[in-house]
Amino acid sequence: MKAYFHKTFVLERDNIAKILAFVSTNPTADRQLIAEHTGIGIGKNVSDGKVRPTIQYAVYAGLLTPESSDNKSPITLTEQGSLMFENDPRLKSRVTQWAMHYFLCREENEALVWSYFVHRFVPAHQQFDGETLSEGLRSNFVDLSEGGIADYRRILTSCYVDGNGLAKVGLIESHERNKYLRGRASYPNASLAAYLLAELWEAKHPDRAMVGADVLMLPGHFATTLNLSTGDVQHVLDDMTAAGFIRQSREAPPYQVIRQWNDKYELLRRAYDE
């Protein structure tokens, strides 16, 4: 199942960056060659080592095309992946980590464990421990073994607290051993927020020029993607309105958000420039 696209290795940005750097000029390289040039271990065979799961992480994080996971296909950067790599080849900036976070947890990704953690579990828990997360995974993914639950508990929390993961997103904070706090909203700028909204809009409302503001609060949409409270959402909407990325119709309910952008990638470029 895509829900369990990797059960062992945590997301490691430095290894993803090494692969992007190599395949950007060597798209037809096989996994063995990638391992030799990047120093990423390949194990006893291609399936055992870290190269394949690192490529999978890059695909799910929106950096590589889905076809890149196929051993027989070229490894190709997506349009947003090319932009991120061009502006931040080591994948260290908050803008990059937020964009990777969006793609990794989006519902359309079918990485259901990640979507559940970001959009359902974290918003419902201001603080939690490992066992609480295990209980949530156990209840929502009944086909996961106890070993798989333990692995995902480690992988999910490590992704958002380890410095080599997506810690700059600030989704959760490590409180003490095996205990965590829900983080505070920390998006870097209005352009980045607008880019994420544009991606969500394209995925969920491709034919609409406006949507109800309440839609943005639904699990899997804008609020849970950016880890925002209701008050936070209005603040971000006001920031994007001031920047000219959206308009708001608030004369009478139901309140509407009207898109004003033409090119979502221009929003991502601006996010890096600010």
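## Exercises on a predicted model

The protein has twelve helices and six strands, and the structure shown here is a predicted model. Its radius of gyration is 19 Å, close to the 19 Å that the globule rule gives for 274 residues, so the protein is as compact as a globular protein of that length. Taken along the principal axes, its C-alpha atoms fill a box of roughly 65 × 45 × 30 Å.

### Exercise 1

Describe how helix H7 and helix H8 are placed against each other, and name the residues that meet.

**Solution.** Begin with the axes: those of H7 (residues 130-140) and H8 (residues 146-161) come within 9 Å and cross at roughly 120°. Angles from 65 to 115 degrees count as roughly perpendicular and those over 145 as roughly antiparallel, and H7 and H8 are therefore oblique to each other. The crossing in which H7 passes H8 is right-handed. Next come the residues: from H7, Gly130, Glu131, Leu133, Ser134, Leu137 and Arg138 take part, and they meet Glu146, Ile149, Tyr152, Arg153, Leu156 and Thr157 in H8. Sorted by class, this contact of H7 with H8 has five nonpolar, three polar and four charged residues.

### Exercise 2

Work out the strand order of the open sheet that three strands form, and find which strands lie at its edges.

**Solution.** The order of the three strands is E1-E3-E2, with antiparallel pairing. Strand E1 (127-129) and strand E2 (172-176) are the edge strands, since each pairs on one side only. Neighbouring strands of this sheet are turned against each other by 30° on average, direction ignored. Looking closely at one pair, three bridges join E1 to strand E3 (residues 179-182), and these two strands run antiparallel. Within this pairing, glutamine 127 stands opposite leucine 181 in E3. Finally, H8 packs on the sheet and touches E1, E2 and E3, while its direction makes about 105° with that of E2.

### Exercise 3

Decide whether helix H9 is roughly parallel or roughly perpendicular to helix H11, and identify the residues that make their contact.

**Solution.** H9 (residues 190-204) and H11 (residues 230-242) pack with their axes 9 Å apart, at an angle of about 105°. Because angles of 65 to 115 degrees count as roughly perpendicular, H9 is roughly perpendicular to H11. On the H9 side the contact is made by Ala190, Ala193, Ala194 and Leu197, and on the H11 side by Val236, Asp239 and Met240. Divided by class, the residues of the contact of H9 with H11 are six nonpolar, no polar and one charged.

Conventions. Residues numbered from 1 in each chain as written. Predicted model: local features only at pLDDT ≥ 70, side-chain atom pairs only at ≥ 80, totals over all residues. Heavy atoms only, no water. Axes fitted to C-alpha atoms, helices over the stretch in contact; angles between N-to-C directions. Helix = DSSP H or I, 4+ residues; strand = E, 2+ residues; numbered from the N terminus. Parallel < 35°, antiparallel > 145°, perpendicular 65-115°, else oblique. Left-handed = near helix turned anticlockwise from the far one by under 90°. Contact = heavy atoms within 4.5 Å. Nonpolar A, V, L, I, M, F, W, Y, C, P; charged D, E, K, R; others polar. Pairing = 2+ DSSP bridges. Rg over C-alpha atoms; globule rule 2.2 N^0.38 Å.
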